[in-house]
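Hello,

Here is the structure I promised to pass on to you. Please open it next to this email and follow along as you read.

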Amino acid sequence: MENINTVRAINGNHKEAVVQIKGMKKFFGKKKVLTNITMDLFKGENLVVLGKSGQGKSVTIKCIVALLSHDEGSLKVFGQEVKGLKDDELKLLRTKVGFLFQSAALYDSMTVRENLEFPLTRVLRSTDMDMINQRIEEVLEGVGLLGAIDAMPSDLSGGMRKRIGLARTLILKPEIMLYDEPTTGLDPITSREISELILEMQKKYKTSSLIITHDIACAEITGDRILVMNDGAFIAEGSYKELESSPNDLVSSFFK
Ligand SMILES: Nc1ncnc2c1ncn2[C@@H]1O[C@H](COP(=O)(O)OP(=O)(O)OP(=O)(O)O)[C@@H](O)[C@H]1O
């Protein structure tokens with residue numbers, strides 16, 4: 001595997017790992033989905049996991065937020081082993097780790113404002129309307145959709161709904177963002193806009209982000225570093241430029 005054992009971070013500096021996974025395995029019955037996952041997500045970086053469909057990318061993300069429980073190996077978030085966290089510790093962890101799933105739908109019967117209020121009142125249990133309104137306006141401005149505050153989701157395009165979905169996750173000010181196929185179902189131009197927005201939001205909110213995708217354009221725009229996943233393990237690591245010229249056919253096939 002290329003460079004995989006080199007502990008490396010953006011700008012060549014050693015950095016604090018906010019997610020540390022060593023030898024993680026996950027089985028569903030007899031099916032081995034994650035065969036051996038070892039990776040670090042460093043503070044402040046945008047790490048892309050690139051892989052074809054069905055390789056175990058979503059399962060990896062679900063293990064990080066303990067929506068699935070891994071079978072073997074170590075998985076630490078902010079230095080804490082996720083397995084064995086108590087319910088209240090898990091709740092706290094999930095306020096610090098935002099995840100945007102492919103299927104993350106908005107509530108159709110609520111306006112954009114109400115969709116964004118929801119995490120603040122339900123997750124943070126906030127009743128401070130000044131703070132709530134300020135955060136909603138700030139995050140909508142960030143994703144360029146302040147004008148849509150009173151719109152219904154059905155009035156918005158697919159790209160706009162993705163932006164609102166991103167705003168709904170960012171409103172809790174997570175330290176880590178996990179993106180599951182953020183550009184799926186979007187046309188190439190809107191995909192590019194969403195990828196650029198992810199990059200912009202990482203800078204604005206100073207998050208550490210894990211972006212799983214099979215969209216090579218998204219990987220190029222968003223990724224400081226890319227890991228290539230195949231059959232439940234990583235087969236290569238590098239920058240877009242490094243991987244583009246990889247002699248490994250499985251890796252180079254993404255760049256054709
Ligand atoms: N809850 C589950 N029970 C059984 N098998 C599962 C479960 N979740 C995922 N799998 C299987 O694990 C494998 C990896 O799935 P995963 O969703 O992680 O793939 P992926 O790399 O994210 O690809 P995609 O982009 O298609 O979702 C697939 O074969 C899938 O069928």
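Helices (H or I, at least four residues) and strands (E, at least two) are DSSP runs, numbered from the N terminus.

Before you go further, please keep in mind that this is a predicted model: local features need pLDDT of at least 70, side-chain atom pairs count only at pLDDT 80 or more, and totals for chains, interfaces and linings use all residues. Residues are numbered from 1 along each chain as its sequence is written.

Which strands does β8 (residues 208-213) pair with? One partner is β3, joined to β8 by five bridges, and the two run parallel. Another is β7, also parallel to β8, with five bridges between them. Two strands pair if DSSP finds at least two bridges between them. You can find some of the contacts yourself: Val49 has Ile212 as its bridge partner in β8, Leu50 has Thr213, and Tyr179 stands opposite Ile211.

β7, α6 and β8 together make a right-handed β-α-β unit. Right-handed means that, with the strands pointing away from the viewer, the path from the first strand over the helix to the second runs clockwise.

**Strand β3**

Is β3 (residues 46-50) mostly covered or mostly open? It is mostly covered, as five of its five residues are buried. Asn46, Val48 and Leu50 point one way from β3, and Leu47 and Val49 point the other way. β3 also runs parallel to β9 (residues 225-230), with four bridges joining them. There, Leu50 stands opposite Val228.

**Around the ligand**

Which residues surround the ligand? They are Phe28, Val33, Gly51, Ser53, Gly54, Gln55, Gly56, Lys57, Ser58, Val59 and Glu181. A residue is near a molecule if its C-beta atom, placed from the backbone, lies within 6 Å of it. This shell divides into three nonpolar, six polar and two charged residues. Ala, Val, Leu, Ile, Met, Phe, Trp, Tyr, Cys and Pro count as nonpolar, Asp, Glu, Lys and Arg as charged, and the others, Gly among them, as polar.

Helix α1 (residues 57-64) gives the most to the shell, with three residues. The buried residues of α1 include Lys57, Thr60, Ile61, Cys63 and Ile64. These five lie on the same side of α1 because they cover an arc of only 160 degrees around the axis, the arc being that of the directions from the helix axis to the C-beta atoms.

**Some backbone angles to look at**

After α1 comes Ala66, whose phi is positive, near 60 degrees. Glu181, one of the residues around the ligand, has a positive phi of about 50 degrees although it is not a glycine. You will find Glu181 in the loop between β7 (176-180) and α6 (188-205). Glu181 is partly exposed, because 19 other C-beta atoms lie within 10 Å.

Asp231 is not a glycine either, yet its phi is positive at about 50 degrees. Asp231 lies in the loop between β9 and β10 (233-238). With 16 C-beta neighbours inside 10 Å, Asp231 counts as partly exposed.

Methods
A residue is buried if 20 or more other C-beta atoms lie within 10 Å of its own, exposed if 12 or fewer, and partly exposed in between; C-beta atoms are placed from the backbone.
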